[in-house]
Amino acid sequence: MLTSLKLTSVSCRLAILLLCALYSASMQGATVQFHAWGGSAQVNGYLEWVSEQVEARYGIEVNHVKLADTSDAVSRVLAEKAAGNLNQGSVDLIWINGENFAAMSEHGLLLKNWVSQLANFPLTLPEKNTAMVTDFGLPTQGQEAPWGKAAMVFYYNKRYVSSPPKTIHELLHFAQRYPNRFSYPLPNDYLGISFLKYALIALNPDNRDVFYQPVNDTVFRQRSEVLWRFLDKLHPLMWKGGRYMVSQASTLQRLMSDGELLLAFSFTASEIPSAVKRYDLPESVRTYAMSDGSLGNVHFIGIPFNSAHVEEAKTVVNFLLSPEAQAEKQKVAVWGDETVLDMAALNPMQQARFQSETLHPSALPIAGIYHLLPEPHASWTDKLREAWFARYGERF
Amino acid sequence: MSGFHRFSIVMRMVFMCILIIPVFAGLIGVLMPAFGFFPALGENQISLQPFSQLLANDNVLSMSWLSLSTGLIATLLALMGALLLVAVFYQRAWLNRIQHLLSPLLVVPHAAAAIAFLFILSPSGWLARLFSGSDMNNPLPPDWAFPYDPYGLSIILALTLKELPFVFLMLLSTLSQPQLEIKVKGYLKVAQSLGYSQITAFMTIVVPMIYSHIRMPLLAVLAFATANVEVPLILGPNDPPTLAVAVLRWFNHVDLSMRFQASAAAVLQLLVTLTALACWWLAEQVIRKLSRHALLSGKRTWGDDVLTLLAVAVVFVYSVIALLLLASVYTWSVATYWPFPQLLPDGFTLMHWQTALRSLAVPLANSIILAFSVTVFAVVLVLLALEGELQMTKHMSAAMGRLDRSIMHITLYLPLLVPGVAFLFGLVWFQQMYFSHLTWVHLFVSHLIYVLPYVFISLAVAYRRMDPRYVKVAYGLGKTPITVFFAVKLPMLFGPIAVAFALGLAISFSQYLPTLLSAGGNIATVTTEAVAAASGSSRRLSAVYVVVQIIMPLCGFILAWWLPNVFFKPSLKANPKNQGIKVYESNP
């Protein structure tokens, strides 16, 4: 009798303790503050879906803080560090890459070595795809997990062109065969400088490590030589004899629509089928990736060093890396952002998720990117742009 | 003098200050950094460094030349075309028809006209489709030089197309001034009775008489043509571009130190425009000297048939181009896929309109709010300023009156003669330095600078021409000045006020550079969106923007013509010629 009483009182106390613990946990608020650029209706819509899923599965609430500029969140974390806020930070997840990552990493604003703990991270095959652990030439050191990737894809008009160029050298042959039907934007444009980076890397097949280190004059002169020779030959064969180059990448699409160009390129593969649906590109457009590599950059998710919800944040990131979430993100109707998972690491069931969609004929085929060329170290970009303008004149 | 009169004289001062102060402040704001002085960027020393940096650029000469040559040629062509049309068709029924053809083109914003030109000039446009349509073996658009041709021919074409109606209507409104009209018609009759053909008589007698009246507007056209941004931005080459486009690019460069070079280039732009004006003046002198002999030669006809043929050709080409432009943008705005060289798209859809109208809602609202507030303010201020002028000049000696008039005249044309790229940037610096958060106020002021002169010019003639007897009778009946102003003058001016209002709206709608600069890109209007979309990915969306740009000012003018008929039209009864768009010359 007594013992049973004792037992019940113990179990009661335990139950009360447990309730208290749960209660305090929920009081702490498992709301993960996800700071991400909010300028795209598609991205925002996808994050709403993520929020619903995560809440249903793990009971974690995700709040998308819609940033106008990612650097706002970076400076907020920096200000918190300066103010001595070391574990109650207001940012739990941040969507970054490139210079924002470089800045956060430099100031020690990101949590280190957590990415390899994620169950789904190995699905990206990081040993094979070094772009998953390199951000504009900087090693990520486990501070950020890959989320999606953008790669340079080319598109051509099948009605006039039967075999599009598959390598940078074939591109020159294409220009010779179809003079005045290719162009690239001026290098102040993002896509313009990206084309130059692609050409530079593709024309230097050996010892590419230098591109992922800070540039110096000697190396730049050695490596860029072949690029200038290539461009000197290409420019006279380009649209308007290379005398006029568009200043905005979007113009390329319009010129493709009119047939003034027969080959163009983009960083957002999903925009091509949607342009076809809007009649801005002909039905006969086809998208593909170069076989000598596609310049690509991966965008990442980081956890600030002072996040108040580190474990929940990791759970969310692991979900973002799951085949299910990645497949949803890749749907053209949702976002159309390329997955970071390597198909080779997935079982047939998981692979099927990515193929469930019937693709528009003009869309990039599934797994159409053969080989991702990571973005070179950021210092190469400025050097390349300056050298281009010095050589080909200041254009507007 | 009554309180109301004193108030109106003060308002006239305010009016002049609004035109003068921003222009001079802007010029100072550009001159300082052009000479290396800009404390905000840590430069406190006067130096010529920005200029030497600018001149080190190989393209400076060719940029300046491109600005100068396109501006001069376009203005000359517009003037010749307009003179030809008036000379051949003056006192003929066709003149009215041509006026109706050209008037709507006047209110189309430059940016819209340039984009529409882009549509027909480009290798996949209608012209190319018409002329290379049959060759099915090579169904690709031709590789021709337009647009973006290195000599700026596309710019010249678009500017001429836009400026010709302006010069033409200026000529007509000058010719419709009562005293001048009587004189012109009398002289023409005498000349014709002496055996001069009508065209020769017009060229030899009337043109020298009316030229001085259209001189200022003509110089304003020239200044605009040498320094405008939107037309060369949309149609011009970029290796190198015109100087004004380069100034814009340098000012907006991420590297803030480029602003010194940009300021130096803005000063150079001022010199280029001055050079153009000087060239024009020189040409006037030479023609005056050389033509003296020709005018007095006694020759009765100067190839009238050829001139008539030419004029008919101008009208024909003009109608075709105008029609092509309009039809082309309307068609693109509803086109589904439209492969080359088909003359018509595969089908039609309202999809682009739906997409565009959704994203245009905010810019449209911005445009309308801005244009309405600026125009209401401008019309009220101009009416008060005109009343002030009347009160002020009443007691002036003749010489003082003339001086006052010419000061007013120069003030009016100041913002139209000083290139926007030269003073707007300087103005923006002052704005950013002192009142950086008042974006709407800056936008308001920079639009007002451009709206005020046109509203003034458009209202001045009607105001000055008003029959003074009504006013005298009203005073005789013991009315106060304020009652006379509101109860007698304003109702009589209802028609002209409506037209001036519509003109003010149209001018505000069409502003590109002032909007872009004053708002720092934060407040979008239909025009800024349209220029941005011109280089965007969708020709169809861009077409919708252009159509909206054309419809907006037209709505204003249709209301301006219609409202006086609905309400009352004492001024129309007093003078039936007041109908139509007339940008009146302020009589010197």
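In what order do the 3 strands of the open sheet in chain A lie? The order is β8-β7-β9, and the pairing is antiparallel. This is a predicted model, in which local features need pLDDT of at least 70 and side-chain atom pairs count only at pLDDT 80 or more, while totals for chains, interfaces and linings use all residues. Residues are numbered from 1 along each chain as its sequence is written, and chains are lettered from A and ligands numbered from 1 in the order in which they are written.

**The sheet in chain A**

Strands (E, at least two residues) and helices (H or I, at least four) are DSSP runs, numbered from the N terminus; two strands pair if DSSP finds at least two bridges between them.

Strand β7 (residues 153–157) of chain A is joined to β8(A) by 4 bridges. Within β8(A), S266(A) stands opposite V153(A).

**A helix pair in chain B**

Helix α1 (residues 3–34) and helix α17 (residues 439–465) of chain B have axes that come within 10 Å and cross at roughly 120°. Axes are lines fitted to C-alpha atoms, for helices over the stretch in contact, with angles from 0 to 180 degrees between N-to-C directions. α1(B) and α17(B) are therefore oblique to each other, a class left after roughly parallel (under 35 degrees), roughly antiparallel (over 145) and roughly perpendicular (65 to 115).

In the contact (C-beta atoms, placed from the backbone, within 7 Å), F15(B), I18(B), L19(B) and P22(B) of α1(B) meet V445(B), L448(B), I449(B), L452(B) and P453(B) of α17(B).

Note on methods:
Two residues are in contact if their C-beta atoms, placed from the backbone, lie within 7 Å.
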